[in-house]
Amino acid sequence: MTDLFSPAKETEPLDREDPAIAEVREIWQEVLRIDDIGPDEDLYDLGGHSLTITQIIARARRRLGVEVSLDVFFDNPTVAGMAEEVTRLRGEQA
């Protein structure tokens with residue numbers, strides 16, 4: 001019998017669906033010093049600002065091998081938004 005008051009369990013963690021989300025989330029967690037960041041949480045609501053953005057961009061360049069534009073952080077300032085851009089940039093490099 002299912003417990004109607006228990007939160008629904010995800011069948012598959014989001015990180016398994018998209019490895020770029022896991023990579024980007026790790027960078028954000030380090031820079032922002034936050035243990036758990038959801039894929040759709042807004043960078044600015046998490047305390048992000050211009051200096052943290054430059055740190056995130058630098059780490060992405062070094063670790064992920066892509067140059068993420070500053071515009072990404074204005075258009076879609078989430079882990080999922082940046083992961084989408086990382087995936088797109090990697091596709092252009094291939």
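This is a guided tour of the structure above, moving from one selection to the next.

The model is predicted, so local features are described only where pLDDT is at least 70, side-chain atom pairs count only at pLDDT 80 or more, and totals for chains, interfaces and linings use all residues. Residues are numbered from 1 along each chain as its sequence is written, and side-chain values use heavy atoms, with hydrogens and water left out.

**Stop one: the core**

Begin by selecting V24, W28, I56, V68, F73 and M82, which touch the most other members among the 24 residues of the largest nonpolar core. Such a core is a set of buried Ala, Val, Leu, Ile, Met, Phe, Trp, Tyr and Cys residues joined through side-chain atoms within 4.5 Å, where buried means under 20% relative accessible area, exposed means over 50%, and partly exposed lies in between, with a 1.4 Å probe and protein chains only. The elements that give two or more residues to this core are α2, α3, α4 (72-75) and α5 (79-93), and α2 gives the most, with seven residues. The helices named here are DSSP runs (H or I, at least four residues; strands would be E, at least two), numbered from the N terminus.

Now keep F73 selected and show its surroundings: leaving aside residues up to four places away in sequence, F73 touches W28, L43, Y44, I53, I56, I57, V68 and M82, contact meaning heavy atoms within 4.5 Å.

**Stop two: helix α5**

Select α5 next, and look at its buried residues, which are V79, G81, M82, A83, E85, V86 and L89; these buried residues pack against α2, α3 and α4. If you place a distance between the end C-alpha atoms of α5, you should find 21 Å, which agrees with the 21 Å that its 15 residues should span at 1.5 Å a residue, since the expected span is 1.5 Å times one less than the number of residues.

A salt bridge is a side-chain nitrogen of Lys or Arg within 4 Å of a carboxyl oxygen of Asp or Glu. Being three residues apart in helix α5, R88 and E85 are separated by about one helical turn; R88 is partly exposed at 41% relative accessibility, whereas E85 is buried at 15%.

**Stop four: the loop and the surface**

Finish in the loop between α2 (19-32) and α3 (50-64), where Y44 is found. Y44, L70 and F74 form a nonpolar patch on the surface, with about 310 Å² of accessible area together. Patches are made of residues with over 30% relative accessible area and no salt bridge, like charges being joined within 9 Å and nonpolar side chains (Val, Leu, Ile, Met, Phe, Trp, Tyr) within 5 Å, and accessible areas come from the Shrake-Rupley method with a 1.4 Å probe, only the protein chains shown counting as cover for residues. R33 is found in the loop between α2 and α3 too, and R33 has a positive phi of about 55° although it is not a glycine.
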